[in-house]
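Let's walk through this chain together, from its outline down to its strands and cores. Keep the structure open beside the text as you read.

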Amino acid sequence: MSPIIEIRDLQKTYAGGFQALKGVTLDIDAGEILALLGPNGAGKTTLISTICGITNPSRGTVAVDGHDVVRSYRQARQMIGLVPQEINLEPFTTVIDTVRFSRGLFGKPRDDAYLEKILRQLSLWDKRSARTMELSGGMKRRVMIAKALSHEPRILFLDEPTAGVDVELRKEMWDVVAELKAGGVTIILTTHYIEEAEAIADRVGVINGGELLLVEPKADLMRRMGQKHLQIELQDTLPEIPESLNAHDLELDPEGHILRYTYDTRKERTGITGLLTDIAAAGLVLRDIQTQESSLEDIFVTLVKENAA
Ligand SMILES: Nc1ncnc2c1ncn2[C@@H]1O[C@H](COP(=O)(O)OP(=O)(O)OP(=O)(O)O)[C@@H](O)[C@H]1O
């Protein structure tokens, strides 16, 4: 896949002197869902606003499908749909007029067949003649997405799409995002919720203090997350792992009295019982046993703490 967005050493210092972005470099591939995870004030909204050309960078560049977001603002912006954090809809305007108006703002000719397609995709077609004030919170959020898609962008930014919404609505949004991806849209979303990133992202970026601390495919993070370690402290030191224990995934520490066993918590069998039986059969005496696990949450907390130090 080729990158549709190329971000190079992006820095942003606000007028008051606060540096909200400290040199972010990132490629975003066409068709992927990237979740940007980070605590309050991390710089997520600043990053999105700068990519969308709403905020000017202090240093560095962003290119959207090859168009520089500052020098070729119109071409770059045309490719992007942005759903901001706050719902801002005209209460007395109907759903269909809301999206028609948004499309018009981008100078696109009227295309009711396209608008019907997106309203159907977002389960809003039946509500097209309702005034936005008559809609539920979930529907209003979907109208915000329809607005953002009205000019046929290839990239959609969702700034905290599920902040403060209940579990059911959150799942509904996740389904909407999955469907948009299936339709070929590249999606970048910001979130505070680790489980949201786990549920829908192809890649996860962790941002804190204006820096991108990590960007990794979610599958890799999940793999790390599903792994647990069993640390077995032995009474006596061992020169090497006994042959009778070769069937187990074991490591011996250099001092020879801690065996480390790695297993996958998502598998039906952890293999621990068999391991302990074999250890006893090998005549080894245990002093202590501990388990350690690394979750996305742990990785996140550690990274954020290290960054704050
Ligand atoms: N216009 C501005 N002028 C000065 N400082 C700003 C401005 N906008 C944002 N900031 C500061 O930049 C930092 C990053 O803000 P930003 O909104 O990008 O964070 P965020 O990760 O989106 O946070 P949240 O999750 O709370 O929305 C914050 O410390 C914020 O106070």
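Two strands count as paired here if DSSP finds at least two bridges between them. Helices (H or I, at least four residues) and strands (E, at least two) are DSSP runs, numbered from the N terminus. With that in hand, look at strand 9 (residues 203–208): strand 9 and strand 10 pair in the antiparallel sense over six bridges. Within this pairing, Val-206 has Leu-214 of strand 10 as its bridge partner.

A word on what you are looking at: this is a predicted model, in which local features need pLDDT of at least 70 and side-chain atom pairs count only at pLDDT 80 or more, while totals for chains, interfaces and linings use all residues. Residue numbers start from 1 along each chain as its sequence is written.

Six strands form an open sheet in the order 6-7-8-3-9-10, with mixed pairing. Its edges are strand 6 (80–83) and strand 10 (211–217), each of which pairs on one side only. From one strand to the next, the twist averages 15°, with axes taken as lines fitted to C-alpha atoms, for helices over the stretch in contact, and angles running from 0 to 180 degrees between N-to-C directions. Helix 5 (residues 137–149) packs on this sheet, where it touches strand 6 and strand 7 (155–159), and its direction makes about 160° with that of strand 6. Contact means that the C-beta atoms of two residues, placed from the backbone, lie within 7 Å.

The largest nonpolar core has 58 residues, and Ala-35, Ile-51, Ile-145, Ala-146, Leu-156, Phe-157 and Ile-187 have the most contacts inside it. The largest share of this core, six residues, comes from helix 5. Such a core is a set of buried Ala, Val, Leu, Ile, Met, Phe, Trp, Tyr and Cys residues joined through C-beta atoms within 7 Å. A residue is buried if 20 or more other C-beta atoms lie within 10 Å of its own, exposed if 12 or fewer, and partly exposed in between, again with C-beta atoms placed from the backbone. Which residues does Ala-35 contact, leaving aside its neighbours within four places in sequence? They are Leu-189, Thr-191, Glu-196, Ala-197, Ile-200, Ala-201 and Val-204. A second, separate core of five residues includes Ile-232, Leu-259, Leu-275 and Ile-279.

Next comes another open sheet, with four strands in the order 2-1-4-5 and antiparallel pairing. Strand 2 and strand 5 (67–68) are its edges, each pairing on one side only. Strand 1 (residues 3–13) runs antiparallel to strand 2 (residues 19–29), and eight bridges join them. Thr-13 stands opposite Gln-19 in strand 2. Five residues lie between the strands of this hairpin, where Gly-17 takes a positive phi near 100°. Strand 1 also pairs with strand 4 (residues 59–64), antiparallel over five bridges, and here Ile-5 stands opposite Val-64.

Finally, take in the whole chain. It has 10 helices and 14 strands, and its C-alpha trace spans about 80 × 45 × 35 Å along the principal axes. An automatic or database assignment sets the domain bounds, giving domain 1 (3–223) and domain 2 (227–293). The C-alpha centres of domain 1 and domain 2 lie 47 Å apart. Buried residues make up 32% of the 309 residues.
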